[in-house]
Amino acid sequence: MPGPGRGPRALAAVVAAVVLASALLTGCGRPAGPVAPGAGPGEEAAHGVRSAKGPTHTAQLYRHWGLSAPLPAPPSPPARRLRLPGGTPLPVVHRVPTRDRVVFLTYDDGAEKDPRFVDMVRELRLPVSMFLTDSVAGPGYGHFARLRSVGASIQNHTLDHAALRGLPYTGQRAEICGQQNKLRARFGIRPRLFRPPYGTYDSTTLRAAADCGITAVVLWRAAMEGDGGLTYAHGPGRLRAGDIVSVPSGEPTGLSLRERTTRLLREIQGRGLTVGRLEDYV
């Protein structure tokens with residue numbers, strides 16, 4: 001027989017052991033915290049890992065993508081979009097006239113569909129603009145739907161990537177309006193911004209784009225090459241506030257889209273700049 005006062009404590013210990021064993025057998029020993037309804041073991045395990053890592057893990061994400069420091073948060077966007085040079089049916093913009101220490105990342109065509117680029121955009125919260133050509137991106141629009149779900153915007157880069165300058169109005173309108181219709185059918189949007197293939201256009205291009213609902217033609221001042229180097233259309237040979245950067249996709253040789261983006265982000269940081277959302281300004 002147990003000594004005085006030990007009987008209730010011993011009984012409580014036995015009951016606690018039985019309850020713990022029952023919880024483990026029935027699966028109640030899973031990570032604490034809310035789990036989405038219907039989530040399977042994999043999702044619950046991932047939830048547990050995320051909960052364990054917490055804010056420190058989030059703060060270190062930039063290192064995963066090859067950066068030595070996090071990107072500075074962009075300033076609050078202007079209350080109204082900036083006034084762009086007029087005098088034509090549509091404004092044509094190479095860089096944004098702003099004093100905000102931001103540059104704008106734009107990606108052309110849609111040939112490269114790396115799922116890890118979606119992760120990069122999401123984890124670094126990159127406000128990128130994707131100028132899509134239907135004949136290039138069309139077979140993989142699901143990839144761009146995922147990009148859009150993590151904050152990328154979808155814009156117009158024609159149906160077939162034809163050089164527009166010199167084509168008749170009907171042909172140019174078909175290329176631009178045709179892609180407007182494709183993107184509306186696929187994403188439920190009609191883009192406001194248009195980039196002509198190869199950056200070539202004429203007054204007919206501007207008239208056709210305006211008739212298709214476009215509000216600005218977006219070119220670039222800086223372009224990234226396959227080896228990660230930057231070239232400049234005009235002005236100083238360095239990034240500066242307001243620059244629009246064009247990053248072509250599907251380079252046959254050289255660095256991947258993720259690697260080029262990492263090099264570009266390092267250059268942006270080195271110039272004391274960060275990444276802004278083009279659609280907030282144009």
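Reader: Which residues make the contact?
Author: From α4, Arg 116, Phe 117, Met 120 and Leu 124; from α9, Leu 257, Arg 258, Thr 261, Thr 262 and Leu 265. Contact means heavy atoms within 4.5 Å.
Reader: Is this experimental or predicted, and how's the numbering done?
Author: It's a predicted model, where local features need pLDDT of at least 70, side-chain atom pairs count only at pLDDT 80 or more, and totals for chains, interfaces and linings use all residues. Residues are numbered from 1 along each chain as its sequence is written, and side-chain values use heavy atoms, leaving out hydrogens and water.
Reader: Switching to strands: which way do the β4 residues point?
Author: In β4 (residues 153-156), Ser 153 and Gln 155 point one way, Ile 154 and Asn 156 the other, and all are buried, meaning under 20% relative accessible area with a 1.4 Å probe, protein chains only.
Reader: And how many bridges join β3 to β4?
Author: There are 4, and β3 (residues 129-132) runs parallel to β4. Phe 131 stands opposite Gln 155 in β4.
Reader: What's the overall count of helices and strands?
Author: The protein has 10 helices and 10 strands, taken as DSSP runs numbered from the N terminus (helices H or I, at least four residues; strands E, at least two).

Key
Buried < 20%, exposed > 50% of the residue type's maximum accessible area, 1.4 Å probe, protein only. Pairing = 2+ DSSP bridges.
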